[in-house]
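Morning, everyone. Let me put the model up, and then we'll walk through a few spots.

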Amino acid sequence: MTTSAMALPARDVDTTTSAPPKDGSTRGGQNKAGWIFATPFLVLYLAFLIGPVLIGIVISLFNTTTVQSGLGSFVGLSNYADVLTSGDFWASMWHSVLFTLLTAPLLVLLPLVFAILASRMARAQWFYRLAFFAPYVVPSSAVCLIFAFMYTPETGLITNAFGWVGLTAPDFFGSTSGAWFAVVLLTVWWTFGFNFILYTAAIQEISEEVYEAAAIDGAGPWQQIKAITVPLLRPTMSLVLILTVLASLKVFDQIFILLAGGPNYSTRPVIQYIYDTGFTSYRGGYAAAATMVYFVTLVLVSVVWLLARRRFNTNPANA
Amino acid sequence: MTGLSRRQFLAAGGGLTVAGALSACGSPVVSSLTGAQPQTADVIYWHLFGGGDGANMATMVDQFQKSGTRSIESTLLSWGNPYYTKLSLSASSGRPPDVAIAHLSRLPLLAEAGLLEPIGDQFTEAGVTEDKFTPAAWEKATVGGTTYAVPLDTHPFVLFYNVAVAKKAGLLNEAGDNLKPIEGADQFLDAVKAMKDAAGGDFGAVASITADPSTCWRFFTMIYSGVAGPMVSDLGTKVTIDRGAMEETFAFMQELTQGQKLMPANSTATTSSTLFSQSRVGFLFDGVWQIPTYRDVEDLEFNVVPFPPLLGEKPAAYADSHALVLPTSSARSGTRTSDAVRFVKGLLDQSETWADGGHVPAWLPSQNSSEFKKMDPQSNYTEAAFNAVYDPAAWYTGAGSDFQVAMGSVIASVLTGGTDPKGGVENMTSSLEQFSTARPPV
């Protein structure tokens, strides 16, 4: 499964996602120092990940509310039944999926193209890397405020830019399609840099000799990209794909800050639905049940990806 | 070895930080570590007023601080759901502000959840008593026999009319200072039609319908509550719709937008302010808080009056009220509580300033003052505050709630002709089911 050409980041994630159960149990018993060093992480992991998940499972079985202390009355699985039959919940699940479908292709392919182009720049590569990566470090609230300015009807920069090329800008806040356009454009600009950096790192991993050999054989730049760079980046692409899909399914900040899930909840993602029911409508138990359903969905997506990847990697054609 | 070792340096640095944080006793850092309430001022006050209301509120707070020795820390939070989320979570986690603004329509849940201090003896001693408030507002501030809020105002949904157009339409009384009495749906339709002819445009009246579910909800509830009681009871768990009255209400609304086409069915907030500002319609159906929007429009003389009774005998004014509440906090000292009471009283005493934003003061001493009575058009619709009908008491209703959005969407589809009145009743019932069958948090 480890091919020499595999890019570093891909290998990192691969071992963390698939290896720990096996490695941790055999090595952990023999090596106390290892456990001690891992303690700070494990404490945080238990306190902020495993703990809340367990608490979440418990309160999803109760009518817990966020305005009163205590668990409330035991209601069995009825919160789950309510979630699974709620039209609003499934609508918001669909919005998260739709957001993923809209952004993932752009966020997987565009950074690839630009990373390859940037890597072929003879001079000032650092500038291009910085320029593409810089937006990623801006906090979501700042990005959303800036874009909200630019999307303002009548006076906003982006609204006016449509006019310059003779188009009418969509109603970015008032119409569903306009709202999706607004949030997708923002997200692509904002998170583009992360995938770009992953690709750039992977490109740097590709040995110079391969290109040299290809050049000696008479391959031009386009042939080199097609026959060397892209195939050798395939593991990174699959990593970028799953990271992007998981990140997109978790979308919340942009849509919440820019649109508040509007107009009329037509862009509300599932996390905001959970937030709204849990905190705004105070129905903690119900929101916990919704979270569990969503959590299981994400786990399923990850498992499917892992299985697909394993098959892909054991396929002799790709070895 | 010269100087400090790395460890000594770090230890010294850490010690300094801790000492610095602790020495500033009562600083947010310490209070967040100990779970105490931050005490950066004598009274910590949260509100949700932006724009003109925000400026008026700032004036009132400044005035109170100047006239006394108490310091106020006033925080403006974003309006609607986010505000109530923050307010209730701060109270349930034990670190609320000392005084906060709340809409009376949002009170039932906050009160039932035990997040608010009852308005008790300290207020009585300060002279804040039931007999000094608009009865409808005080009644709404009372949940299960206990009063939990001090009403600051009533802001009803009212009828704006263009004076010049109304005069041309022959709708003004002899003195020319008000409309001739209108009684019942037919007379009202005639009046809107007369406005249409007089304005010479396509429409006689306008209300914001598209992407404005709250306005749709106010418009509907104003008419419906003339003939029927609250749509839900038992804190929202029981649906008590009067289907006949609801169908009649929808039919009347549709008559305005579809049947006689006296109102545009696809108007946004911009459409309605444009049409009314440019005298292209005679009537505007909106909340009193819009008065500042039109006050400075050139060549627009308008007046604001309560809606006449439409379907029922008695007039009903859909309204909400801003009120002052004291969120429950076990950590609040007696001194802070009495400062809070004093602050609430101080704001009530400046109700005339508050009335500038169009709100009817709930505080009768201000409402009856000559200063307020001279205010035009504010003093013309005081009556609406007495006929106020609020959102039905339920854990999910209230200003800016999902409930208003859901109901408003059904109403909008009736107004635009997408649904007939019968279908509107069905949609409203099934939409209401989703709320009434959800397990209530209190």
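First, a term: the bend at a residue is the angle between two fitted axes, one through the seven residues ending there and one through the seven starting there. Keep in mind that this is a predicted model.

Now chain A. Helix H9 runs over residues 176-205, 30 residues in total. H9 of chain A bends by about 40 degrees at A:Thr191. What is its end-to-end reach? From first C-alpha to last, H9 of chain A spans 43 Å. That is close to the 44 Å expected at 1.5 Å a residue.

Over to chain B, helix H12, residues 269-277. Which residues are buried there? B:Ser272, B:Leu275 and B:Phe276 are. Viewed down the axis of H12 of chain B, the buried residues fall within an arc of 95 degrees, so they line one face of the helix. What covers them? The cover includes strands E7 (153-162), E8 (205-206) and E11 (283-287), plus helix H13 (291-295), of chain B. Just after H12 of chain B comes B:Ser279, with a positive phi of about 55 degrees.

Next, B:Arg95. Find this residue in the loop between helix H4 (81-92) and strand E3 (99-103) of chain B. B:Arg95 counts as partly exposed, because it has 18 C-beta neighbours inside 10 Å, and buried would take 20 or more. Its C-alpha is 8.8 Å from that of B:Thr328, 233 residues away along the chain.

Last, the interface. On chain A, 14 residues are in contact with 14 residues of chain B. The chain A side has five nonpolar, eight polar and one charged residues.

How values were computed. Residues are numbered from 1 along each chain as its sequence is written. Chains are lettered from A and ligands numbered from 1 in the order in which they are written. This is a predicted model: local features need pLDDT of at least 70, side-chain atom pairs count only at pLDDT 80 or more; totals for chains, interfaces and linings use all residues. Helices (H or I, at least four residues) and strands (E, at least two) are DSSP runs, numbered from the N terminus. The expected span of a helix is 1.5 Å times one less than its number of residues. A residue is buried if 20 or more other C-beta atoms lie within 10 Å of its own, exposed if 12 or fewer, and partly exposed in between; C-beta atoms are placed from the backbone. The arc is that of the directions from the helix axis to the C-beta atoms. Two residues are in contact if their C-beta atoms, placed from the backbone, lie within 7 Å. Ala, Val, Leu, Ile, Met, Phe, Trp, Tyr, Cys and Pro count as nonpolar, Asp, Glu, Lys and Arg as charged, and the others, Gly among them, as polar.
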